[in-house]
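Trainee: Please give me a close look at one part of this model. Take the sheet first, then the charged contacts around it.

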Amino acid sequence: MNEEFKQNKFQVIKQVITPDLANFCFNYFMLKRDAVAFMYKNNIIVEDNPMFGTWKDQQVPGVYSHYGDMVMETLLMKVLPVMAQQTGMNLIPTYAYTRLYEKGATLFRHKDRPSCEISTTLNLGGDPWPIYVDPTGQNNILKSQYTQNGEEVLLKEGAHNGIRVDLSPGDMLVYSGCDLEHWRDTFNGNICHQVFLHYNHVDGPFAEKNRYDGRPSLGLPSYCKIQKN
């Protein structure tokens with residue numbers, strides 16, 4: 001494992017994909033959002049069809065997001081060799097999740113589930129929006145609950161303010177999602193496209209259970225997960 005990642009549990013990889021590819025993904029997903037909105041509005045497809053994405057994500061409601069989008073899960077595999085080279089980790093893919101954040105959105109402080117043992121956030125375009133990482137690994141969240149307007153979080157007194165990470169299109173932050181709290185403050189721009197690419201350590205405790213996040217293959221919606229004992 002790379003010494004930087006081993007010590008800090010996070011690492012920035014600059015230009016993990018080219019700005020041109022990032023811009024392609026950004027424009028693809030903007031087009032998809034508009035097309036899906038039209039189909040939902042005109043009852044061409046049933047609203048919140050898992051194959052087409054949703055505006056009802058609990059963590060960040062009101063913005064277009066998609067679990068398992070095929071282009072994003074292609075990126076999940078594309079960046080895997082670069083991650084292995086840069087971080088020294090041997091990983092298996094679990095899933096991709098992408099959002100088009102809009103003005104006023106907030107990503108509240110949290111840690112991730114086991115399928116996100118090694119998480120990444122890759123900037124694909126739009127306005128700048130920093131992410132913060134608490135390097136202490138402490139559990140500072142006293143209370144976390146979803147409300148109609150999003151998530152409310154109550155923190156311990158003296159919680160670390162976090163290390164600010166700024167990413168340009170094509171840049172990626174890699175971090176131990178289950179170990180480090182991470183978040184974004186209220187977004188003041190107009191649009192920001194990020195994709196989260198998630199992995200497990202190949203020899204870790206979650207690897208076989210969480211390969212493809214429990215699905216038979218990448219590119220499938222979450223309801224295709226196979227129940228495993």
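Mentor: What follows goes through the strands, the packed helices and the salt bridges in turn. The model is predicted, with pLDDT of at least 70 needed for local features and 80 or more for side-chain atom pairs, while totals for chains, interfaces and linings use all residues. Residues count from 1 along each chain as its sequence is written, and side-chain values use heavy atoms, without hydrogens or water.

The sheet is open and has six strands, ordered β1-β10-β5-β12-β3-β2, with antiparallel pairing. Strands (E, at least two residues) and helices (H or I, at least four) are DSSP runs numbered from the N terminus; pairing takes at least two DSSP bridges. The edges belong to β1 (10–13) and β2 (64–67). Each has a single partner strand, so one side of each lacks a neighbour in the sheet. On average, neighbouring strands are turned by 15° against each other, direction ignored.

Helix α2 (residues 19–41) touches β2, β3 (91–102), β5 (118–126) and β12 (191–201), where contact means heavy atoms within 4.5 Å. The direction of α2 makes about 80° with that of β5. Angles run from 0 to 180 degrees between N-to-C directions, with axes fitted to C-alpha atoms, for helices over the stretch in contact. Helix α3 (residues 70–78) touches β3, β5 and β12, and its direction makes about 135° with that of β3.

Now the charges. The whole structure holds 13 salt bridges, each a Lys or Arg side-chain nitrogen within 4 Å of an Asp or Glu carboxyl oxygen. One of them pairs D171 with K14 at 3.2 Å, N to O. D171 sits in the loop between β9 (163–165) and β10, K14 in the loop between β1 and α2, 157 residues apart. D171 is buried at 2% relative accessibility, whereas K14 is exposed at 53%. Buried means under 20%, exposed over 50%, partly exposed in between (1.4 Å probe, protein chains only).

R109 takes part in two bridges. Its side chain meets D134 at 3.0 Å, N to O. D134 lies in the loop between β6 (131–133) and β7 (141–147) and R109 in β4 (residues 107–110), so the pair ties together parts 25 residues apart in sequence. R109 also meets E181 at 2.6 Å, N to O. E181 is in the loop between β10 and β11 (182–184), 72 residues from R109. R109 is buried at 7%, and E181 at 2%. Elsewhere, shared partners join R33, D34 and E102 into one network.
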